Amino acid sequence: MDTTEESTLDEPVWSTIKRDLGLIGRRLKLVILPKVTAVEMQAELRDWDLWGPLFICMTLATVLSVEASEDASLIFSLVFLIIWCGSFVVTLNAQLLGGAVSFFMGVCLLGYCVFPLLVGAFFCIFWTAVLPTGVAVVLRFVTVVLLLIWSIMAVTAFFADVKLPEGRKLLAVYPVFLFYSGIAWMILVGFQEHK
Amino acid sequence: MNEETTLPVSTFQVEEPENNSSSLAVAQLFSRSSHPMALFFQVAFKLVSILVYLLLGLFTSSFIIQFVITVTLVSFDFWTVKNITGRLLVGLRWWNEVQDDGSTRWRFESKEDPTYKPNKVDSRVFWWSMYLSPLIWIVLGIVCILKFHITWLVAVIIALTLSGTNLVGFLKCDRESKHRLSAFVNSQSMFRSVTKLFM
């Protein structure tokens, strides 16, 4: 089994670091511009990583808990739990529906696709800081909804490739929709209570 | 565990009875290692993440800073051991890949060279630290549950999952490489006996 794959035991440390950093960058680009062929998508997902999801999740949790001011630690852990348990349940659902998706692959994919929502949270910080309250509320809502659609589009682009049986695609995408809407709602409510 | 990890104990202790100072012992450990830098990082990330988890609360009241630093260090440790120190210290590396049908497959790499033996200090420190870190996190997790610190339990679960996965990966990899090695030795001896038969 090793003859087909080249040995990586003796590669220099620097090339290991460079390769993995490049991997994360490439994936973020795929989420921002979800326009690739199914084959590329499959190849990208096969070699999953949890770095992107971990840092996206940690940044989002930090932003929301700093915004919350009281009970920061509770909100931080809550965001953390919702994102990881949410991706777990959504992946499990896709598996039960007969999709060809492994657990880590699903968590990796769902975690990376939270990225547009994280960008949305940063927009919210900006709007809240520079605009009067009334305008900020509207703009926050519009930005988060737009970026929510972006996130869901990125996931469905990936999900198109997990070979779900006909007619079940919607059943798999629907929980994704709920999951991301929940995160978007948390972002909106978090900023609402602040003002 | 490895046979070679239990062997050097005697030789090791015979030579350093006078050196009671622990810093000297550590210095000696590093001088005997063939990859001191890798040895350092193998232990450093584990040690510092546990220290940050236990003690950073004394210096900052922010749960978030402490949590983020702990989880970041734990994941740096995971990445470093899986991708760098594992292959430098014991010549092993594991991969978990997804196949077309969605199932996962373990892939193991070990040194092709049958005469390769990892440095004794390296492999001892490697395996000890690999076994100890999930154990310590289990204990910390139990403390968390008893004290009802549910928010901190999240951090401990992450640390335990990562260190546990790494340990399982390397144990499987080690078993696989031993298996491969014995298969190689068997084929060699078979080849020899066959050639003897014809000479």
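Author: Helices, which are DSSP runs of H or I with at least four residues, and strands, which are runs of E with at least two, are numbered here from the N terminus. The model is predicted, so local features need pLDDT of at least 70 and side-chain atom pairs count only at pLDDT 80 or more, while totals for chains, interfaces and linings use all residues. Residues are numbered from 1 along each chain as its sequence is written, chains are lettered from A and ligands numbered from 1 in the order in which they are written, and side-chain values use heavy atoms, with hydrogens and water left out.

Reader: Where is the place of F148(B), and is the residue buried or exposed?

Author: F148(B) is placed in the loop between helix 6 (120-147) and helix 7 of chain B. Buried means under 20% relative accessible area, exposed over 50%, and partly exposed in between, with a 1.4 Å probe and protein chains only; F148(B) has 67% relative accessibility and therefore counts as exposed. Most residues other than glycine have a negative phi, whereas phi of F148(B) is positive, near 60 degrees.

Reader: How many aromatic pairs are there over all chains?

Author: Rings of Phe, Tyr and Trp (its six-membered ring) pair if their centres lie within 6.5 Å, and planes under 30 degrees apart count as stacked, over 60 as edge-to-face and the rest as tilted. By this rule there are 23 aromatic pairs over all chains. Among them, F63(B) and F67(B) form a tilted pair, 5.4 Å centre to centre with 45 degrees between the planes; both lie in helix 5 (residues 63-89) of chain B, four residues apart, which is about one turn of the helix, and both are buried. F63(B) also forms an edge-to-face pair with W152(B), at 4.9 Å centre to centre and 70 degrees between the planes. Because F63(B) lies in helix 5 of chain B and W152(B) in helix 7 (residues 150-198) of chain B, this pair ties together parts that are 89 residues apart in sequence. W152(B), like F63(B), is buried.

Reader: Which residues do ring pairs link into a cluster?

Author: The cluster is made of F76(A), F80(A), Y53(B), F63(B), F67(B), W137(B) and W152(B).

Reader: At what angle do helix 4 and helix 5 of chain B pack?

Author: Axes are lines fitted to C-alpha atoms, for helices over the stretch in contact (heavy atoms within 4.5 Å), and angles run from 0 to 180 degrees between N-to-C directions. Helix 4 (residues 36-55) of chain B packs against helix 5 of chain B at about 160 degrees, with the axes 9 Å apart. Helix 4 of chain B is therefore roughly antiparallel to helix 5 of chain B, where angles under 35 degrees count as roughly parallel, over 145 as roughly antiparallel, 65 to 115 as roughly perpendicular and the rest as oblique. Residues of helix 4 of chain B that meet helix 5 of chain B include F41(B), F45(B) and Y53(B).
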